[in-house]
Amino acid sequence: MHGVPRQEWSKASDGFNESWYRVAAAKALVFKATERIVSNQPWYQGGYRANIVAYAIAKTAHDVNARGRAVDFQRIWRHQALDPAMEEALATASEAVHEILINPPAGISNVTEWAKQQACWGRACDVVLRWPSAFLKDLISAEELRDEERYARRAQRELNGIEAQIAVVQAGPEFWADVLEWGTQRKLLTVTEEGVLRKAANRTGTPPSDKQSSKVIDVFHKLRSEGYTGELSLGT
């Protein structure tokens with residue numbers, strides 16, 4: 001599951017889909033690009049780069065969200081790079097937050113400590129920047145982002161269901177009969193759970209649907225947590 005905590009995955013596995021990983025990869029690209037951008041600025045004299053980078057990205061996200069828009073991370077992932085407009089935007093944000101970070105209020109001399117204070121972030125939020133018009137034009141609407149996320153979750157649910165159905169069928173009725181017997185003897189199954197396991201254990205009927213198969217896999221993991229030692233060979 002590529003580093004995703006199993007507890008989070010089990011709660012909403014359809015949310016950890018191909019789109020989610022692309023966005024995560026794109027955000028990593030943004031972070032690396034911002035490090036490079038800051039290092040190449042004529043005003044940068046060294047030091048505090050981590051603070052500047054974090055604040056620049058956060059300031060950009062804050063102002064984008066305030067406009068009801070979103071960065072098109074899918075586009076960044078497709079290109080495997082930031083376009084010039086976004087690089088210009090991050091350079092703009094970097095210079096602005098740099099000035100805030102190196103000019104703490106009286107009584108504070110440590111820039112790193114100043115960066116941790118809510119007052120510092122408040123100043124960054126309040127500063128008004130002239131964002132590049134091309135950058136603003138490339139932003140997508142919040143509705144476009146929601147549509148994209150809904151589509152990705154729906155596609156992942158379908159894929160998860162198909163994979164679950166394959167796993168159930170390949171494990172075979174005998175395996176599921178053993179799971180059913182183990183869970184029934186220990187009174188660990190609900191009526192619904194017993195029903196889907198009986199469907200999977202049926203040697204003559206039609207196999208469980210993709211939705212039913214997903215439930216079968218869920219029940220299997222539940223019984224494993226209760227002490228069932230049978231192994232499902234498909235790597236679920």
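Biologist: How do you know that the span of helix α10, residues 173-185, agrees with its 13 residues?

Modeller: This is a predicted model, and the span can be checked in it. At 1.5 Å a residue, the 13 residues of α10 should span 18 Å, and the C-alpha atoms at its ends are 18 Å apart, which agrees.

Biologist: What makes the buried residues of α10 line one face of the helix?

Modeller: The buried residues of α10 are Phe175, Trp176, Val179, Leu180, Trp182 and Gly183. Seen down the axis of α10, these buried residues fall within an arc of 165 degrees, so they line one face of the helix. Just after α10, Lys187 takes a positive phi of about 55 degrees.

Biologist: Why is Phe175 called buried?

Modeller: Buried means under 20% relative accessible area, and Phe175 has a relative accessible area of 15%, so Phe175 is buried.

Biologist: How do you know that the length of helix α12, residues 210-225, agrees with what its residues should span?

Modeller: The 16 residues of α12, at 1.5 Å a residue, should span 22 Å, while its end C-alpha atoms are 23 Å apart, which agrees.

Biologist: Which residues of α12 are buried, and why are they said to line one face of the helix?

Modeller: Ser213, Val216, Ile217, Val219, Phe220 and Leu223 are buried in α12. Viewed down the axis of α12, its buried residues fall within an arc of 160 degrees, so they line one face. On the other side of α12, Lys211 and Ser225 are exposed, and the helix is followed by Gly227, whose phi is positive, near 120 degrees.

Biologist: Why is the pair of Phe175 and Phe220 called tilted?

Modeller: The structure holds 8 aromatic pairs. In the pair of Phe175 and Phe220, the ring centres are 5.9 Å apart and the planes stand at 50 degrees, so the pair is tilted; planes under 30 degrees apart would count as stacked and those over 60 as edge-to-face. This pair links distant parts of the chain, with Phe175 in helix α10 and Phe220 in helix α12, 45 residues apart.

Biologist: How do you know that Phe220 counts as buried, and what kind of aromatic pair do Phe220 and Tyr228 form?

Modeller: The relative accessibility of Phe220 is 3%, so Phe220 counts as buried, given that the cut-off is under 20%. Phe220 and Tyr228 form an edge-to-face pair, with 6.3 Å centre to centre and 85 degrees between the planes. Both Phe220 and Tyr228 are buried, and Phe175, Trp176, Trp182, Phe220 and Tyr228 form one aromatic cluster.

Biologist: Why does Ser141 count as buried, and which residues is Ser141 in contact with?

Modeller: Ser141, found in strand β2, residues 140-141, has a relative accessibility of 17%, so Ser141 counts as buried. Leaving aside neighbours within four places in sequence, Ser141 is in contact with Gly68 and Arg69.

Biologist: How many residues does the largest nonpolar core have, and which element gives the most to this core?

Modeller: The largest nonpolar core has 34 residues, and those with the most contacts inside it include Ile52, Tyr55 and Phe135. Among the elements that give two or more residues to this core are α2 (18-39) and α3 (49-66), but α5 gives the most, with 10 residues. Not counting residues up to four places away in sequence, Ile52 touches several residues, among them Val38, Trp43, Val97 and Leu101. A second, separate core of 20 residues includes Val179, Leu189, Leu197 and Leu223.

Note on methods: Residues are numbered from 1 along each chain as its sequence is written. This is a predicted model: local features need pLDDT of at least 70, side-chain atom pairs count only at pLDDT 80 or more; totals for chains, interfaces and linings use all residues. Side-chain values use heavy atoms; hydrogens and water are left out. A nonpolar core is a set of buried Ala, Val, Leu, Ile, Met, Phe, Trp, Tyr and Cys residues joined through side-chain atoms within 4.5 Å. Buried means under 20% relative accessible area, exposed over 50%, partly exposed in between (1.4 Å probe, protein chains only). Helices (H or I, at least four residues) and strands (E, at least two) are DSSP runs, numbered from the N terminus. Contact means heavy atoms within 4.5 Å. The expected span of a helix is 1.5 Å times one less than its number of residues. The arc is that of the directions from the helix axis to the C-beta atoms. Rings of Phe, Tyr and Trp (its six-membered ring) pair if their centres lie within 6.5 Å; planes under 30 degrees apart count as stacked, over 60 as edge-to-face and the rest as tilted.
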